[in-house]
Amino acid sequence: MTNWNNGENQNIKAPAEKDLSRPVLEFLTPAETALSAEWTVGQAFKSLRGRPLQHKIAYFYIVDRDQRLLGVVPTRKLLLAEPTCTISELADQPAISIGDTATLGQALEVFARHRLLALPVVDEQGRLLGVVDVQLYTDEVLDLAKSRQIHDLFQLMGVSVEQLRRGTAVSGFAERMPWLLCNIAGGIACAMIAQHFNLVLGKVLLLAMFIPLVLTLSESVSIQSMTLTLYYLHGPSPRWRRLGRRLGLEWRTSLLLGATSAVCVMLASSFWGQGFLPAAVIGFSILLAAVSSATLGVVLPTLLHVLRLDPKVAAGPVVLMLGDMITTAVYLGMGTWWLT
């Protein structure tokens, strides 16, 4: 068992290799917490007390007379409900489930996407056959009260799902190469933009010297924002209001990052002795680049998520391509405006 002492984060050990093509039925456990939709809460508690519950309780599943899965009752609702309230009134519908013909790999994908602790398995008629536990992926016993432990498990699971999807080097190439072409297109576009501003580059050598640094800072901010957004998008579709708050937070953070970076670079560039204006162009461009890159890091992964494209593969190249183009245009455009 993984221990968590004194706030130290000890990563869950990678699980033993499993054949992800095996039927999910091989990992089935009884649905010990199934409750009839017709029961009252009092009857449900009486039934549960009389059962030999041998497995960890994650969810309470609602079934009809034919054992068809109808929904899930959150534990909090069940505990706080009046004894005379019927179970059907408490159900969260529809329940996320998986068919009995699914494989272990498909089950892991559902676990990783929805961050469930247990997954009900149903037949073609929707009858509840049993459940599979998230712990099937690891031989360790997890403490459900420790959210960091569960987070690490889902991170490992997501890696396995990605490897399962790619399968071979050729399929991985076919999935990733089109997005890398975005980087090539972005580099060519940046070269064309720079050619358009060759007058200012020839006049103020300092601007040309600091292009790699300005682009690196812009890319770093965009990747940081994108990584946090991908983590946020993991699971059910987020609400737009919360995404708006996330974008506002990224704007404020990027302003602080950009301002601090701009001051540092301006001080460094002043040692070249070319005056205040070139240093100011570099610094102000870094500030604008940080804000625009942070915006791209939030908006593009969200848009790809909405379009049901894989943001983990596609977002990085697209964000970097657009970020480099915008940063180059702003940087050299501002230099032309202020210095020529």
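Mentor: The model is predicted.

Trainee: How many helices and strands does the chain have, and what percentage of its residues is buried?
Mentor: The secondary structure comprises eleven helices and six strands. The chain has 340 residues, and the buried ones make up 43%.

Trainee: How many aromatic pairs are found in the whole structure, and which residues form one aromatic cluster?
Mentor: A search of the whole structure gives four aromatic pairs. One aromatic cluster consists of Phe284, Trp337 and Trp338.

Trainee: Are the rings of Phe210 and Trp272 stacked or edge-to-face?
Mentor: A pair of aromatic rings is described by the distance of the centres and the angle of the planes. The centres of the Phe210 and Trp272 rings are 5.5 Å apart, and their planes stand at 80°. Planes over 60 degrees apart count as edge-to-face, so the pair of Phe210 and Trp272 is edge-to-face.

Trainee: How many residues apart in sequence are the parts that the pair of Phe210 and Trp272 ties together?
Mentor: Phe210 sits in the loop between α7 (205–209) and α8 (211–233). Trp272 sits in the loop between α9 (240–269) and α10 (276–306), so the pair links parts whose separation in sequence is 62 residues.

Trainee: Which of the two counts as buried, and which as partly exposed?
Mentor: Buried means under 20% relative accessible area. Phe210, at 7% relative accessibility, is therefore buried. Trp272 has 46% relative accessibility and so counts as partly exposed.

Terms used:
Residues are numbered from 1 along each chain as its sequence is written. This is a predicted model: local features need pLDDT of at least 70, side-chain atom pairs count only at pLDDT 80 or more; totals for chains, interfaces and linings use all residues. Side-chain values use heavy atoms; hydrogens and water are left out. Helices (H or I, at least four residues) and strands (E, at least two) are DSSP runs, numbered from the N terminus. Buried means under 20% relative accessible area, exposed over 50%, partly exposed in between (1.4 Å probe, protein chains only). Rings of Phe, Tyr and Trp (its six-membered ring) pair if their centres lie within 6.5 Å; planes under 30 degrees apart count as stacked, over 60 as edge-to-face and the rest as tilted.
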